[in-house]
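Biologist: I would like to learn how to read side-chain features in a model like this one. Could we go through them one at a time?

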Amino acid sequence: MGVSRRRPLKSHAKPVPENRIIHGDCLRELGKLPAASVDLVFADPPYYLQLDRQLLRPNNTVVDGVDDDWDKFRGFGDYDAFTRAWLGECRRVLKPDGAIWVIGSYHNIFRVGAALQDLGFWLQNDIIWRKANPMPNFRGRRFTNAHETLIWAARDRRSRVTFNYEAMKSGNDDVQMRSDWLFPICSGPERLKDEGGRKAHPTQKPEALLHRILLATTRPGDLVLDPFFGTGTTGAVAKRLGRRFVGIERDGDYVRAASERIARVSPLAGHILAPAPSKRSEPRIAFGAIVELGILEPGRRLTDERGRIWAEVKADGTLALAGPGHVRQGSIHRLGAEVQGKSACNGWTYWHFEVEGQLRPIDVLREEARRQLGLRPAPPAPLLAGE
């Protein structure tokens with residue numbers, strides 16, 4: 001782990017050494033990176049577990065816990081100063097729309113969260129990583145510690161961070177991805193071992209966790225910084241997913257293990273990496289364009305999903321609804337809200353048209369409009385074929 005108690009050093013910034021592990025002190029090396037050069041930071045800092053004696057199982061065997069020097073501090077004041085120093089450097093190197101993930105346990109995550117907010121980061125979410133196979137509490141004096149907490153924060157309140165919402169929802173069986181994630185701890189063949197068969201690193205994180213984080217909050221080609229690189233989980237996943245990385249690590253054994261691990265990774269093909277497109281990033285299409293392009297003819301009848309309310313498409317791209325004593329007319333959104341007695345409505349998903357005996361939301365017609373406008377390749381057959 002790249003830990004130091006020193007203050008960050010000011011130095012002349014050099015280009016980011018992409019897809020490299022920097023062997024050195026994290027604060028010193030962070031100070032060498034240029035400002036606004038990184039898209040995402042993933043940080044797995046020391047948890048400051050404050051273990052003062054060996055942990056024993058009921059059979060008196062020793063638990064392989066975290067007792068390394070990099071997790072030891074003189075006290076909370078020392079830990080807080082270190083935390084604010086490395087977080088401050090990470091904020092400096094993040095691009096204006098960059099973001100950071102920090103993982104921790106109850107020992108440190110609340111102190112990290114306060115430091116993030118004090119430094120100007122804007123919290124997006126906290127994520128609970130629920131461990132499918134947690135280590136039991138051997139002393140039987142408290143609940144089994146079965147989770148860790150991740151904080152996802154934007155560089156500041158104005159940052160427009162990357163969030164591949166549609167990809168996360170689609171991969172979650174079309175249900176919004178929740179903030180509690182179930183993954184097993186790192187074990188089996190994934191767990192790196194040293195020559196003596198012991199864990200190469202006591203807190204190696206599962207690749208599945210980093211896989212989700214990078215898919216959710218980066219794009220292919222983005223640069224991911226890990227200032228506590230350890231045995232290189234972030235780099236291995238970044239390489240596989242077509243992201244660039246830079247890691248900082250002060251322990252030479254960890255650097256060697258990470259280098260060998262990453263060298264064995266084969267990147268996925270580019271077309272496999274493309275995330276599901278975000279609707280917010282799609283070219284805007286107005287309903288009037290749907291009428292102008294002839295995708296829906298004036299006079300066509302639209303209905304709600306249950307076929308109880310009917311409206312007629314007008315030549316100017318509005319809808320008209322016959323009512324008692326008058327005809328109500330307006331945009332797809334305003335008229336949809338009015339008939340439901342609501343203040344707002346997404347008319348694209350509320351109004352439906354009939355094709356081949358089935359009702360479909362008019363939202364699907366925007367894709368046809370994009371094709372006709374040259375924003376998409378031509379489809380094999382017209383969308384409304386068979387009417």
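Modeller: Gladly, and burial comes first: a residue is buried under 20% relative accessible area, exposed over 50% and partly exposed in between, using a 1.4 Å probe and protein chains only. Trp86, at a relative accessible area of 1%, is therefore buried. Keep in mind that this is a predicted model, where local features need pLDDT of at least 70, side-chain atom pairs count only at pLDDT 80 or more, and totals for chains, interfaces and linings use all residues. Residues are numbered from 1 along each chain as its sequence is written, and side-chain values use heavy atoms, leaving out hydrogens and water.

Biologist: How is a pair of aromatic rings described?

Modeller: The distance of the centres and the angle of the planes describe it. Rings of Phe, Tyr and Trp (its six-membered ring) pair if their centres lie within 6.5 Å; planes under 30 degrees apart are stacked, over 60 edge-to-face, and the rest tilted. By this rule there are ten aromatic pairs.

Biologist: Which parts does the pair of Trp86 and Phe228 tie together?

Modeller: Helices (H or I, at least four residues) and strands (E, at least two) are DSSP runs, numbered from the N terminus. Trp86 belongs to helix 2 (residues 76-93) and Phe228 to the loop between strand 7 (223-226) and helix 6 (233-240), so the pair ties together parts 142 residues apart in sequence. Phe228 is buried too, at 2% relative accessibility. Phe229 and Phe245 are a stacked pair, because their centres are 5.9 Å apart and their planes at 10°.

Biologist: What about charged side chains?

Modeller: Side chains of opposite charge can pair when their charged atoms come close. A salt bridge needs a side-chain nitrogen of Lys or Arg within 4 Å of a carboxyl oxygen of Asp or Glu. The structure has 18 salt bridges. One of them joins Lys205 and Asp44, with the closest N and O atoms 2.8 Å apart. Lys205 is in the loop between strand 6 (180-183) and helix 5 (207-217), and Asp44 is in the loop between strand 2 (38-43) and helix 2, 161 residues apart.

Biologist: Are Lys205 and Asp44 buried or exposed?

Modeller: Lys205 is buried, with a relative accessible area of 5%, and Asp44 counts as buried at 7%.
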